[in-house]
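Hi,

Here is the structure I promised to pass on.

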Amino acid sequence: DAPEGRREAFRKSVEIANDQLGTRQEEAVFSLRNPAVLRESWAKTDEAVGLVVEEARRTATPLVAVAFPSMTQVMGSNSSTVYQDSLVAICGRHGLPLIDLLESFSGNPNLYRTLHPSVLGYEEAARIVRDRIGPLL
């Protein structure tokens with residue numbers, strides 16, 4: 001059963017986050033309750049973004065980051081913007097353009113199916129990205 005399989009995958013990811021970080025997965029990127037975990041999570045992201053940007057520059061490959069909001073942000077049960085604020089800072093530090101989908105997705109439950117965007121969500125994201133970078137191509 002597909003929904004049961006998704007629930008089981010989610011439970012497993014929560015287990016892994018608890019084992020490795022001592023926190024819920026979402027708290028590792030959103031919650032200010034555990035600043036040490038938040039710093040560690042975003043430091044790893046900053047390092048990874050730096051490596052990707054470095055490789056893109058080395059190979060003259062155009063690069064843009066796209067920030068999808070979480071399902072809880074879209075549905076309104078999570079008003080934290082720690083995720084977006086952190087990405088803005090990291091991308092800014094590395095000179096990487098960022099397209100943030102939070103405002104466009106907020107309040108539209110049809111754009112998410114479970115933890116990830118629905119087909120409609122991905123189509124909307126593609127439209128937004130096309131509209132923002134199309135004139136630059």
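One definition before the rest: a residue is called buried when its relative accessible area is under 20%, exposed when over 50%, and partly exposed in between (1.4 Å probe, protein chains only). By that rule Arg 58, at 62% relative accessibility, counts as exposed.

Now the ground rules. This is a predicted model, in which local features need a pLDDT of at least 70 and side-chain atom pairs count only at pLDDT 80 or more, while totals for chains, interfaces and linings use all residues. Residues are numbered from 1 along each chain as its sequence is written, and side-chain values use heavy atoms, with hydrogens and water left out.

**Confidence**

pLDDT is the predictor's confidence in each residue, from 0 to 100. The protein chain averages 82, and 75% of the residues score at least 70. Confidence is lowest in helix α1 (residues 2-21), with a mean of 59, and highest in strand β2 (residues 98-100), at 96. Where pLDDT is low, the predicted coordinates should not be read in detail.

**Overall layout**

Helices (H or I, at least four residues) and strands (E, at least two) are DSSP runs, numbered from the N terminus. The protein chain has six helices and two strands, and from the N terminus on they run α-α-β-α-α-β-α-α. Of its 137 residues, 34% count as buried. The chain exposes about 8,800 Å², of which carbon and sulfur atoms supply 57%; accessible areas come from the Shrake-Rupley method with a 1.4 Å probe, and for residues only the protein chains shown count as cover. With contact meaning heavy atoms within 4.5 Å, residues 24 or more positions apart account for 60% of the contacts with a separation of 6 or more.

**The cores**

A nonpolar core here is a set of buried Ala, Val, Leu, Ile, Met, Phe, Trp, Tyr and Cys residues joined through side-chain atoms within 4.5 Å. The largest one has 12 residues, including Leu 38, Trp 42, Ala 67, Tyr 83, Leu 87 and Cys 91. Helix α2 (35-58), strand β1 (65-67) and helix α4 (82-94) each supply at least two residues of this core, and α4 gives the most, with five. Leaving aside neighbours within four places in sequence, Leu 87 is in contact with Trp 42, Ala 67, Gly 92 and Leu 98. Apart from this core lies another, of nine residues, among them Leu 101, Leu 111, Tyr 112 and Val 129. In soluble globular proteins, nonpolar side chains tend to be buried together.

**Helix α4**

What covers the buried residues of α4? The cover includes α2, β1, α3 (71-75), β2 and α5. Those buried residues are Val 82, Tyr 83, Gln 84, Ser 86, Leu 87, Ile 90, Cys 91 and His 94. The expected span of a helix is 1.5 Å times one less than its number of residues; for the 13 residues of α4 that comes to 18 Å, which agrees with the 18 Å between its end C-alpha atoms. Just after α4, Gly 95 takes a positive phi of about 65 degrees.

**Salt bridges**

A salt bridge is a side-chain nitrogen of Lys or Arg within 4 Å of a carboxyl oxygen of Asp or Glu. Searching the whole structure gives six of them. In one, Arg 93 pairs with Asp 46, and the closest N and O atoms are 2.9 Å apart. Arg 93 lies in helix α4 and Asp 46 in helix α2, so the pair ties together parts that are 47 residues apart in sequence. Arg 93 is exposed, at 54%, whereas Asp 46 is buried, at 19%.

Arg 58 and Glu 55 also form a salt bridge, at 2.6 Å from N to O. These two are three residues apart in helix α2, and therefore separated by about one helical turn. Glu 55 is partly exposed, with a relative accessible area of 40%.

Further along, Glu 124, Arg 127, Arg 130 and Asp 131 are linked in a network of salt bridges. Within this group, the side chains of Asp 131 and Arg 130 meet at 3.0 Å, N to O. Asp 131 is partly exposed, at 40%, and Arg 130 is exposed, at 52%.

**A loop residue**

Pro 109 sits in the loop between α5 (102-105) and α6 (119-133). At 44% relative accessibility, Pro 109 counts as partly exposed. Pro 109 and Met 71 are 38 residues apart in sequence, and their C-alpha atoms are 8.3 Å apart in space.

Best wishes
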